[in-house]
Amino acid sequence: MALRILTVDDSRTIRKIVTKAFKPFDCEMLEAENGVEGLALAARERPDLIILDITMPMMDGVEMLSKLKNEPVLKETPVIMLTAEAAKDKVIEVVKIGVKDYIIKPFEASVLIEKAKSIVKLRAKAKEESEAIKKCFAIEDGIQVLVLPDKVTNSVMAEVDSHLKGKIKEMEKAGITKLLLDLSKVTNVDLSLVKLIVSTFKKCKNAKLAMRIVSNGALTNKLNTFKEVGGLPIDNSVDEAKAALGN
Amino acid sequence: MGEIDKLDLKTLIANAIGEVFDKMVSLEAGVTAMGPQENEIEDRIVGSIGFGGEVMGRVNIHLSDAFARLIAASMLGIELEDIEEQEEVDDVISELSNMIGGQLKSHISDFGLPCELSLPSITTGSDFQIESRGWVRHEKVGFGHQRHRALAEVYVKPGN
């Protein structure tokens with residue numbers, strides 16, 4: 001089972017850099033942009049490791065760390081502090097509360113990984129997973145079809161998103177202007193799926209590609225509870241979607 | 001005031017820029033004693049961060065939008081054309097300012113002048129000047145990569 005790593009930082013840049021650092025490993029990456037979100041996500045997902053910034057709005061890292069240590073189910077969760085605060089007094093403060101390690105920004109990704117490896121067992125991502133994601137893409141009747149797997153975790157979302165960029169470039173070269181996102185195998189609607197749908201739609205819009213989504217009734221109802229997905233073109237079958245795309 | 005005078009702000013900020021670029025941007029940043037004037041930088045983006053305590057300070061990093069995009073692509077490990085939104089660039093420069101300011105603030109704190117870092121902010125535009133008043137020291141260094149030139153400023157004054 002993939003390790004769950006939660007990165008809590010108000011900087012989207014840092015969250016992306018941390019996520020990228022763990023990409024070669026069998027990890028599910030979770031993100032929060034402040035201590036309040038971080039605590040809620042930690043309570044729900046029970047991560048194996050937390051990478052935590054200090055200076056954040058709403059609730060800073062020191063307060064989040066203190067609250068974590070007061071939660072019986074979360075207090076043993078290892079934390080690496082990742083911070084621009086290198087002053088000795090701050091470092092001493094967080095070490096006293098209880099972190100496994102700390103890294104001062106700027107940092108090299110390799111240093112983060114080495115410190116993480118000393119705390120959790122990082123396994124290299126199986127090549128099969130990446131190959132499996134590649135197989136989600138196929139060209140049918142001049143349309144790029146992307147069939148999502150039954151469970152769209154954060155790591156699946158990141159892999160698909162990463163492959164999609166390359167696929168769109170290939171589509172542009174081949175003169176393919178239509179994409180069909182097939183959700184018929186998906187069994188669970190959560191934030192990762194919604195983010196992936198929105199990201200795919202944005203990429204298609206930027207590349208001036210027509211896009212349709214295939215989803216069944218129950219899934220469509222759940223998707224429509226997310227305002228980010230409201231208004232997106234959803235069809236009940238692949239044939240309907242292809243017809244709408246003008247095939 | 002005496003302690004603030006002893007701070008080698010130019011060296012501190014030059015070292016901070018070098019370290020950030022070396023570890024996270026993967027671009028060589030040549031630091032120079034003098035930088036461009038603010039109005040010489042086209043389509044400017046300015047990352048700012050403050051610190052306060054025994055000493056109060058502000059760091060402004062002035063870059064062209066083109067240089068900012070190059071830095072963003074390099075830091076995020078993506079191609080330039082894969083930058084989707086200006087928000088991505090703004091966030092990278094915000095974090096760059098945070099790290100440079102953080103390094104500076106940490107050295108100042110360890111020097112015996114404890115202070116706290118604020119949250120960074122971003123200003124963009126093509127025709128504006130940032131006027132900072134009431135500071136007792138103001139130092140500037142230039143830095144750049146290939147044809148791109150940028151300016152880092154630091155202002156300090158006694159705090160509490």
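Tutor: Lys208(A) is placed in the loop between helix 8 and strand 9 (210–214) of chain A, where helices (H or I, at least four residues) and strands (E, at least two) are DSSP runs numbered from the N terminus. The model is a predicted one, in which local features need pLDDT of at least 70 and side-chain atom pairs count only at pLDDT 80 or more, while totals for chains, interfaces and linings use all residues. Residues are numbered from 1 along each chain as its sequence is written, and chains are lettered from A, with ligands numbered from 1, in the order in which they are written.

The backbone at Lys208(A) has a phi near 55 degrees, a positive value in a residue other than glycine. Lys208(A) counts as exposed because it has 8 C-beta neighbours inside 10 Å; by this scheme a residue with 20 or more other C-beta atoms within 10 Å of its own is buried, one with 12 or fewer is exposed, and one in between is partly exposed, with C-beta atoms placed from the backbone.

Helix 7 of chain A brings Asn154(A), Met157(A), Val160(A), Asp161(A), Leu164(A) and Ile168(A) to the contact, and helix 8 of chain A brings Ser192(A), Lys195(A), Leu196(A), Ser199(A), Thr200(A) and Lys203(A). By class, these residues of helix 7 and helix 8 of chain A comprise five nonpolar, four polar and three charged. As for the terms, axes are lines fitted to C-alpha atoms, for helices over the stretch in contact, and angles run from 0 to 180 degrees between N-to-C directions; angles under 35 degrees count as roughly parallel, over 145 as roughly antiparallel, 65 to 115 as roughly perpendicular and the rest as oblique. Two residues are in contact if their C-beta atoms, placed from the backbone, lie within 7 Å. Ala, Val, Leu, Ile, Met, Phe, Trp, Tyr, Cys and Pro count as nonpolar, Asp, Glu, Lys and Arg as charged, and the others, Gly among them, as polar.

Further along chain A, Gly217(A) belongs to helix 9 (residues 217–223). With 8 other C-beta atoms within 10 Å, Gly217(A) is exposed. Its C-alpha atom is separated by 7.2 Å from that of Asn236(A), a residue 19 positions away along the chain.

Turning to another helix pair of chain A, the axes of helix 2 (residues 35–45) and helix 3 (residues 61–69) come within 9 Å and cross at roughly 25 degrees. Helix 2 and helix 3 of chain A are therefore roughly parallel to each other. Here Gly35(A), Gly38(A), Leu39(A) and Ala42(A) of helix 2 meet Gly61(A), Glu63(A), Met64(A), Lys67(A) and Leu68(A) of helix 3. Four nonpolar, three polar and two charged residues make up this contact of helix 2 with helix 3 of chain A.

A backbone feature of another kind occurs where a cis peptide bond, with omega about 5 degrees, joins Lys105(A) and Pro106(A). Pro106(A) sits in the loop between strand 5 (101–104) and helix 5 (109–117) of chain A.

At the level of the whole chain, chain A is divided into domain 1 (3–117) and domain 2 (127–244), bounds that come from an automatic or database domain assignment. The centres of domain 1 and domain 2 of chain A, taken over C-alpha atoms, are separated by 31 Å. Five residues from domain 1 and four residues from domain 2 of chain A form the contact. On the side of domain 1 that touches domain 2, strand 2 (residues 27–32) of chain A gives the most, with four residues. Chain A has ten helices and ten strands, and 39% of its 247 residues are buried.

Finally, chain A also touches chain B, the contact taking 22 residues from chain A and 23 residues from chain B. Helix 2 (9–25), helix 3 (65–76) and helix 4 (86–110) of chain B each supply at least two residues of the side that touches chain A. Helix 4 of chain B contributes the largest share of that side, eleven residues.
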